Amino acid sequence: MKPIEIYDNGGKSFDRYTIFINGLVYGASTNALSPQGFFQFVGFSNEIDKSALGKRIDFEALPSEVKEQIRRIEAVYG
């Protein structure tokens with residue numbers, strides 16, 4: 001797995017997690033695989049102010065659905 005940065009805003013918003021992968025940024029809800037969930041490209045890392053994203057966390061601290069979506073992105077884009 002490539003180096004990633006993950007931030008958790010503690011549930012202050014539906015898109016609780018912000019994930020940085022190779023200069024790309026994704027937002028995710030806890031239930032990222034659900035039709036009512038959210039996992040979407042939101043911008044490029046140079047466009048995002050990290051100061052309001054919450055606490056930085058490790059990959060292992062993520063819910064399983066968010067981990068699975070990250071694995072899928074890496075499988076497609078390497």
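Me: Of the contacts in the chain between residues at least 6 apart in sequence, how many join residues at least 24 apart?
Reply: That share is 46%. A contact here means heavy atoms within 4.5 Å.

Me: Before I go on, what kind of model is this, and how are the residues numbered?
Reply: It's a predicted model, where local features need pLDDT of at least 70, side-chain atom pairs count only at pLDDT 80 or more, and totals for chains, interfaces and linings use all residues. Residues are numbered from 1 along each chain as its sequence is written, and side-chain values use heavy atoms, with hydrogens and water left out.

Me: OK, how many helices and strands does the chain have?
Reply: One helix and five strands. Both are DSSP runs numbered from the N terminus: a helix is H or I with at least four residues, and a strand is E with at least two.

Me: And which pattern do they follow along the sequence?
Reply: Reading along, you get β-β-β-β-β-α.

Me: How much of the chain is buried?
Reply: 38% of the 78 residues count as buried. Buried means under 20% relative accessible area, exposed means over 50%, and partly exposed is in between (1.4 Å probe, protein chains only).

Me: Let's go inside. Which residues have the most contacts in the largest nonpolar core?
Reply: Ile19, Phe39, Leu62, Val66 and Ile70, in a core of 15 residues. Strand S1 (4–8), S2, S3 and helix H1 (64–77) are the elements that give two or more residues to this core. By nonpolar core I mean a set of buried Ala, Val, Leu, Ile, Met, Phe, Trp, Tyr and Cys residues joined through side-chain atoms within 4.5 Å.

Me: Where is isoleucine 19, and what does it touch?
Reply: Isoleucine 19 is in strand S2. Beyond residues up to four places away in sequence, isoleucine 19 touches several others, including Ile6, Tyr26, Phe39, Val66 and Ile70.

Me: Why does isoleucine 19 count as buried?
Reply: Because its relative accessibility is 0%.

Me: And phenylalanine 39?
Reply: Leaving aside neighbours within four places in sequence, phenylalanine 39 is in contact with Ile19, Ala32, Val66 and Ile70, among others.

Me: Where is alanine 32, then?
Reply: In the loop between S3 and strand S4 (39–44). Alanine 32 counts as buried because its relative accessibility is 8%. Alanine 32 and proline 63 are 31 residues apart in sequence, with their C-alpha atoms 8.8 Å apart in space.

Me: Switching to isoleucine 4: buried or exposed?
Reply: Buried, with a relative accessible area of 17%. Isoleucine 4 is in strand S1, and among the residues it touches are Phe20, Arg56 and Ile70.

Me: Is arginine 56 buried, partly exposed or exposed, then? What's in contact with it?
Reply: Arginine 56 counts as partly exposed because its relative accessibility is 48%. Arginine 56 is found in strand S5 (residues 55–57). Neighbours within four places aside, arginine 56 is in contact with Ile4, Glu5, Ile6 and Tyr7.

Me: How many positive and negative side chains does the chain have?
Reply: 9 positive and 10 negative, and the centres of the two sets lie 3 Å apart. Lys and Arg count as positive, Asp and Glu as negative, and His and the chain ends aren't counted. The place of a charge is NZ of Lys, CZ of Arg, CG of Asp or CD of Glu.

Me: Last one: what is phi of asparagine 22?
Reply: Near 50°, a positive value in a residue other than glycine. Most residues other than glycine have a negative phi. Asparagine 22 is in the loop between strand S2 (17–21) and strand S3 (24–28).
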